[in-house]
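I opened this notebook to record what I looked up in one structure.

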Amino acid sequence: MSAVSESVGRRMTLGYLVDHYGFDLEPSFAMDVTITSLADDVDSVGPGSLYIPSHSVDAEHLERVRARGAYAALVPHAMREMADDAQFPLLFAEPDARQIGKLASDIAGKPSGMLAIFAICGEDGDEVEANVVRLADFLHMLGNPVGVISASGSSSLERRLDLRHPVGILDVQHTLAVCGEDGAAAAVIALNERTLRPDALQSVGIDVLGSVDDVRQQSISSLRAAQGYGFIADKQLTMTMRTEESDALASQSALGQGDESERRLSLAIAMTLAAGVRRGNIKSALRVSRELR
């Protein structure tokens, strides 16, 4: 799957895309045609889709997506001579990743703005994914319904999501929208190449970015590498790593068993503190976990 669906988003007309994104449209009288989803591969096209090919296409290819129910396709201006032969509307543009991200976020209802977005980066992809699991479990323990985007298993609350990793822009926006619709308060994303394609996080605002690397210079390098995924790094972004305080709290918990487990718990604690969770609430949750054990 590589699509953004109307079940979790909004509908928009081709005229809206012309006015807001500067796309050209043929035929011009198709301005009121309403699209209900985006798709960038043939198998994801359904009735109401705007097809945005991720590779070069020809007339036969466009006919296949039209037959599957696509209401329109977004193609380069170089294909303008095909407009007269196409049996459905064509939008003409050469959008970059930023524009595709904005469009996908728009039709999905800007889902990252409704969730607390946590992301974890680092040089070791396996360790990144392990820390994602630890953070998601810890947020859940604090009472937050959580979604996860990770090659080791993407999910919305307790529901496993059938994604083909690495995921791209459309799948990320779709997944965040699904998580929001399911009632998630937060989403945790693994920033590694097994999980994400380049630019997959366009139009995604990250609130807290954690690094599994202990040395600050390594953490900075990981941040720079992570920025290749295209996420929004504005004043709201907080970057953190393990701290003496989070290490001390993790060492007192029954959740951390062994040095590796304690390190992962410590990063989860540091990231939740960075998100504004009160230290007292964290200590209470850790105390309950000890008592339950």
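Entry 1. I looked up E245 and found it partly exposed, with a relative accessible area of 34%; here buried means under 20% relative accessible area, exposed over 50%, and partly exposed in between (1.4 Å probe, protein chains only). R279 also counts as partly exposed, at 38% relative accessibility. The side chains of E245 and R279 meet in a salt bridge, at 2.6 Å from N to O. I use the term for a side-chain nitrogen of Lys or Arg within 4 Å of a carboxyl oxygen of Asp or Glu. E245 belongs to helix 7 (residues 244–251) and R279 to helix 9 (residues 279–292), so this pair ties together parts that are 34 residues apart in sequence. Helices (H or I, at least four residues) and strands (E, at least two) are DSSP runs, numbered from the N terminus.

Entry 2. I noted the basis of these values: this is a predicted model, in which local features need pLDDT of at least 70 and side-chain atom pairs count only at pLDDT 80 or more, while totals for chains, interfaces and linings use all residues. Residues are numbered from 1 along each chain as its sequence is written, and side-chain values use heavy atoms, with hydrogens and water left out.

Entry 3. How many salt bridges does the structure hold? I recorded eleven. One of them joins R80 and D24, at 3.5 Å from N to O. R80 lies in the loop between strand 7 (72–75) and strand 8 (90–92), and D24 in strand 3 (residues 24–26), so the pair links parts that are 56 residues apart in sequence. R80 is partly exposed at 32%, and D24 is partly exposed at 29%. Another salt bridge is formed by R242 and D247, whose closest N and O atoms are 3.0 Å apart.

Entry 4. I then turned to the backbone. Most residues other than glycine have a negative phi, and most peptide bonds are trans. I found a cis peptide bond from E26 to P27, with omega near -5°; P27 sits in the loop between strand 3 and strand 4 (34–35). The bond from H165 to P166 is cis as well, with omega near 0°.

Entry 5. Which phi does K110 have, positive or negative? K110 is not a glycine, yet its phi is positive, about 50°. K110 lies in the loop between helix 3 (97–108) and strand 9 (116–121) and is partly exposed, with a relative accessible area of 48%.
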